[in-house]
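Before reading these notes, please open the sequence and the model side by side.

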Amino acid sequence: MRPLLNLIDAMNARLGQAVSWLCLLMVALGAINAIARYAGKYLGASLLSTALSEGQWYLFSLLFLLGAAWTLQRDRHVRVDVFYGRLSKRRQAILNLIGALVLLLPFCVFGIWASVDYVTNSFAQQEMSPDPGGLPRYPIKAAIPAAFVLLILQGLRQIVGYIEVIRGAQEERDA
């Protein structure tokens, strides 16, 4: 079981690190788009590119979707910390376990269920942007269920870790 857990961690860590570089590319595209917009006004011609503009949104989508599991793995997700920080490690693990089982996993399963037809239809139609010069939409849509699968895998990995913390704390009290 441990090699599978290590594989999930390694996969999400490598993917997250790779996807984090998309942020730099996204900012570069944003800068190019801004320069083109202002230069076009100065030159009296449109220098804007629909593909570059959509590319920026696609990169943001990939960054958000494919980086979510890595964010969960590194415990960098948003948490409303009203009392969580004051809890013991064992109670934090119990709360995290409940959250993963009641919220994370069902939400991910629903996300896959809700997106599969959406993505399948997009691929079947080879969906394109409605804007002239826009990018194909179907490849980016495939990232939606993929992101939920990655989150499920990382969620299951986290659940095992929470159980280990809970059991470890229980064993320490029993000793």
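1. Helices here are DSSP runs (H or I, at least four residues), numbered from the N terminus. The model is a predicted one, in which local features need pLDDT of at least 70 and side-chain atom pairs count only at pLDDT 80 or more, while totals for chains, interfaces and linings use all residues. Residues are numbered from 1 along each chain as its sequence is written, and side-chain values use heavy atoms, with hydrogens and water left out.

2. A pocket is an open set of points on a 1 Å grid over the protein atoms alone, where a 1.4 Å probe fits, with protein on both sides within 12 Å along at least five of seven lines, and its lining residues have an atom within 4 Å of a point. The largest pocket holds about 750 Å³ of space, the volume being the space filled by probe spheres set on the points. Among its 27 lining residues, Leu 72, His 77, Val 78, Leu 104 and Leu 151 are the closest to the centre.

3. Helices H3 (50-73), H4 (89-125) and H6 (143-174) each supply at least two residues of that lining, and H4 gives the most, with nine residues. By class, the lining of the largest pocket has 20 nonpolar, six polar and one charged residues; Ala, Val, Leu, Ile, Met, Phe, Trp, Tyr, Cys and Pro count as nonpolar, Asp, Glu, Lys and Arg as charged, and the others, Gly among them, as polar.

4. Rings of Phe, Tyr and Trp (its six-membered ring) pair if their centres lie within 6.5 Å, with planes under 30 degrees apart counted as stacked, over 60 as edge-to-face and the rest as tilted. By this rule there are four aromatic pairs. One of them is edge-to-face, because the rings of Trp 57 and Phe 60 have their centres 6.2 Å apart and their planes at 85 degrees. Trp 57 is exposed, at 58% relative accessible area, whereas Phe 60 is partly exposed, at 40%.

Note on methods:
Buried means under 20% relative accessible area, exposed over 50%, partly exposed in between (1.4 Å probe, protein chains only).
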